[in-house]
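Please find below my notes on the model you sent. They are set out as numbered points, to be read beside the coordinates.

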Amino acid sequence: MPNDKISEIAAKQKEWEEGSLKEYVKENPERDIFTEIPAKTLYTPVDRADSEYLRDIGFPGEYPYVRGITPTMYRSRIWPMSDYAGFGTAKETAERHKHLLAHGNTHMAVACDIPTQLGYDADDPLVEAEVGLIGVSLSSLKDVEDLLADIPLDRVTIRGSTSSLVLPLWAMYTVAAEKKGFPVNKMMGDAKPDVMDEYLGRGTYIFPPEHSLRLSLDLVEYGLKHIPNLTYQINSYTIHEQGSTVVQDGAYSLATALFYVEEGRKRGTIDVGEFAARISQHPAIHTHLFEEAAKSRAMRRLWARLIKERYNPANPKAMRCVIDPNTGGSVLTAQQAEINIIRIAMEILAAAMGGCTVIAPCSYDEALTIPTKKAVTMSLRAQQIIAYESGVCDTVDPLGGSYYVETLTDRIEKEMLDFINKIEAQGGMMEVIRSGWLKKEISRSAYLKQKALEDGRQVRVGLNKFCVEEDIHYEMHKPNPQLLEIRRKDLKKLRAERDSAAVRSSLEALRKAAQGTENLMPFLQDAVRNYATIGEITRVLKDVFGEYKPKPISV
Amino acid sequence: MSKPIKVLIAKPGLDGHDRGAITLAMGLRDEGMEVIYTGLRQTAENIVRTCSQEYVDVLGLSLLSGGHNYYFPKIIDLLKENGMGHVLVLAGGIIPNEDRKSLKEKGIKEIFGPGTPISEIADFIRKNIKGEDS
Amino acid sequence: MKQDVDKLIAGAFSGDESSLGCLLTMVENDDASVSRILEVVSSKLGRAYRIGITGSPGSGKSTLIDKLVAAMRSKGLTVGVICVDPSSPITGGAVLGDRIRMEQHYSDDGVFIRSMASRGSYGGISKAVGAAVDIFDASGKDVVVIETVGIGQEGIDITKIVDTTLLVLAPGWGDSMQLMKAGVLEVADIIVINKADLGADGLADSIREILALSTRKSAPPVIQTQAFNNIGIEDLCHELENRRNEHHHKAKER
């Protein structure tokens, strides 16, 4: 807009502020509004005076991708709908996923139980209290074969957030596919090789970070060659759910992705452009429609700018930031839990307004237990209603041009860059994890949020306002009481029927390779093919790599 | 001036989410209590041993992964066996309502769901810890 | 809790940890039985070798202590550790976060870890801490380690209740001016430069300069460590071992 027009508006705005606004607030004072990024009463073209559309915003599907990663976004294709499910045995989990797939899901997100994520077999006495509780128990290739038996791998993308053992897990997925006669190079997957969040609050770390990094990059190296449809997820979901601000969530995601890209580049065998093009960011979307939409837009622009500046890769897709979030569970309440479906719907809407791809929602009973079938289906329906009935998919980037949202986008981008610079000034991602600085920052945000809730400045309906006396009772998922027995029998049978000598020699070969620098995927595939268990594999890797001992934060 | 109340916040089992535990530790400090946080992946035995060494007044168990019916009774038994039966044991995290009755019968004095204000927990502690005459 | 104090003491001295914990709490809370406790304890002192460890924030003190305790355990010594953290002057509360760094010792019967808040005592070393050290000594610990903060004038209190005082610093922590204010520098028996991989020479030089200006008769040894990587711990242990033997030798002579 020409400068004289801006000045004219600015002058009129001042009049309005000193006239109508001032008059009105005398009788109608503004409420105390609590939000992460302070919002003004009004945003106008004056706030956009320094913005240039072509330089800063541009067109969807082109650098800097603010308005979207494709030219038509949801006009061509509604975002794929995913979910996160897992409990009990592989067969039980497969049933839940088949149900979801029949109802319209296209992605199968497998939640593994904690013993699996930490590399303990289901019959290990150390973990008997936790088998199959918050995820599926996968101890060997046999379980994965059961899981994938009836899943049409040509139509379904496998995803999951197991990260410390992502390489052995994908060894099992690829071998299971092979045995089904499905070509590995046609598999579709979203793997999570990002382990950094484990050290920051997800908690399922195993090896020291430098060794986990090696396993992650082994997956990337293998995947870029053999599984072209595998994407690599950066999980800032944990960070946001641990209490970080919107800015810290986005900044962590980009900083971590940049870290992996750089470490991949240092290896010499991973092409920056190819790798960057297959990364997807996995933040948590909370309920503030505008901050979250702006965050997604800002992430896209900042990623494009930083990748271009640092690497200028030939592949334009490398600068295209794919954001593939989960809705945030931490803002859901146990109180009046059914109302959470509205929060989830708002989060889905915020993600769609922000131009995200693949949205994975929580379920309304999340605050009480593992989601029931009913709850999970409700969340899927919420996605479908928003996609088909709200208008958000009718045009690309419907919030683009909003004075508020564009200003928010600029501000969030700037603050994310500041945070990334802070991390890099301290020596990078590994260093800020090692020193505990990053965890401390996140814990501090969490504490401030808690205070705001307790003061009542942050309203959470049902929790600190509009509360009711209630006897909370909902349909709850029940763990199978015979589960442990079933799993023990499974493993006993497995160990009896497999070729022990082959298992031993493939584990030995794995150990030797782990001590060197070879890519461990082929060795892991051999081991799992012989039905070595996840516990046996993890023991070998722990022997070679050691175990991570956390540096506790000083609270 | 009354002596500060000593609290141990523990995370038994393998669950790795500690936002609640850490936030509670900071909050109870602001309420004038002396708080120790155990860190992740604690065995029942180590938790009880820490209670003994620190001679805590209160033990807060934080668990989100469903192992409460296994760990909590075990910890209560070990506390009694080790001369620490007087400790006020509280629980928080994700604990289904239908398990709460049996846990309370076992000896968990109160279970605080997600979203409970810290001031409420602090008040409960102050009202319920055993006085010197009990 | 009205308990028979003598029974508690007997329990504590025969290895019952909750009894020992209870005694420590009684002295912390200045319970009516404190004088009885101290009376019994005073007749059993002298076995333990007492090490006080203080240092600047971020010096890696707790990690260093964790490794030292491991080294002592490998020599078969039993250890009592007291970690002192500051109480909030506003709320009176505290987060006692040091024991978490010694997790490897949680299930070792030969290590007893106790956290204590400073509870308003300026240098962090209250009467209660002194009494706690005595109780550990009397209960049969070979070594008692006290970890505290405070390297200024207020940090000097620790020297009154221990046999050897360690000052732990790390490169990049501060400049010479701050070092001069580190009153403990005047009285520390051993100076440890931890995180030495970050460049210990500059700090070592500053320390030497300041000591040259001080009224000390002899300069203390300066030992470089990288506690996180277990480097330098053996040297430090050796130094402590010598002093411990000296201490016992002197004790026998009395």
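Predicted model: local features only at pLDDT ≥ 70, side-chain atom pairs only at ≥ 80, totals over all residues.

The points below take the chains one at a time, then the contacts between and within them.

1. Local features are described only where pLDDT is at least 70, and side-chain atom pairs only at pLDDT 80 or more.

2. Chain A, overall. Chain A contains 21 helices and nine strands. Its radius of gyration is 24 Å, close to the 24 Å that the globule rule gives for 555 residues, so chain A is as compact as a globular protein of that length. Chain A, backbone details. Two places deserve a look. A:Tyr63 and A:Pro64 are joined by a cis peptide bond, with omega about -5°. A:Pro64 sits in the loop between H2 and strand E1 (84-85) of chain A. The other place is A:Asp397, which is not a glycine and yet has a positive phi of about 50°. A:Asp397 also belongs to a loop, the one between helix H14 (373-389) and helix H15 (403-425) of chain A.

3. Salt bridges, overall and in chain A. Over all chains, the structure holds 77 salt bridges. One of them pairs A:Glu36 with A:Lys449, with the closest N and O atoms 3.4 Å apart. This pair links distant parts of the chain, since the two residues are 413 residues apart. A:Glu36 lies in the loop between helix H1 (3-27) and helix H2 (53-57) of chain A, and A:Lys449 lies in helix H17 (residues 437-455) of chain A.

4. Chain B, overall. Chain B has five helices and five strands. Read from the N terminus, its elements run β-α-β-α-β-α-β-α-β-α. For 134 residues, a compact globule would have a radius of gyration near 14 Å; the 13 Å of chain B agrees with this. The C-alpha atoms of chain B fill a box of roughly 40 × 30 × 25 Å along the principal axes.

5. Chain B against chain A, extent. How many residues of chain B are in contact with chain A? There are 31, and they touch 37 residues of chain A. The two chains bury about 2,700 Å² between them, with 56% of that area on carbon and sulfur atoms. B:Leu14, B:Arg19 and B:Arg41 supply 26% of the area that chain B buries against chain A, more than any other three residues.

6. A:Lys451 and B:Asp30 form a salt bridge through their side chains, at 3.5 Å from N to O. On the side of chain B that touches chain A, the elements giving two or more residues are helix H1 (19-30), helix H3 (68-81), helix H4 (97-106) and helix H5 (118-128) of chain B. H1(B) gives the most, with seven residues. By residue type, this side of chain B divides into twelve nonpolar, twelve polar and seven charged.

7. Chain C, domains. Chain C is divided into domain 1 (1-43) and domain 2 (45-253). The C-alpha centres of these two domains lie 26 Å apart. In the contact between them, 16 residues of domain 1 of chain C meet 17 residues of domain 2 of chain C. The two domains bury about 1,400 Å² between them, 66% of it on carbon and sulfur atoms. Within domain 1 of chain C, the residues that lose the most area to domain 2 of chain C are C:Leu24, C:Glu28 and C:Val41, together 43% of what that side buries.

8. Which side chains meet in a salt bridge at 3.7 Å, N to O? They are those of C:Arg119 and C:Glu28. The count between the two domains is two salt bridges, and five residue pairs are in polar contact across the domain interface. Helix H1 (5-13), helix H2 (17-28) and helix H3 (34-42) of chain C each supply at least two residues of the side of domain 1 that touches domain 2. H2(C) provides the largest share of that side, eight residues. The residues of this side divide into nine nonpolar, five polar and two charged.

Technical notes
Residues numbered from 1 in each chain as written. Chains lettered and ligands numbered in written order. Heavy atoms only, no water. Contact = heavy atoms within 4.5 Å. Buried area = accessible area lost by both parts, 1.4 Å probe. Salt bridge = Lys/Arg side-chain N within 4 Å of Asp/Glu carboxyl O. Helix = DSSP H or I, 4+ residues; strand = E, 2+ residues; numbered from the N terminus. Nonpolar A, V, L, I, M, F, W, Y, C, P; charged D, E, K, R; others polar. Domains from an automatic or database assignment. Polar contact = N/O pair within 3.5 Å; in protein donor to acceptor, adjacent residues only side chain to side chain. Rg over C-alpha atoms; globule rule 2.2 N^0.38 Å.
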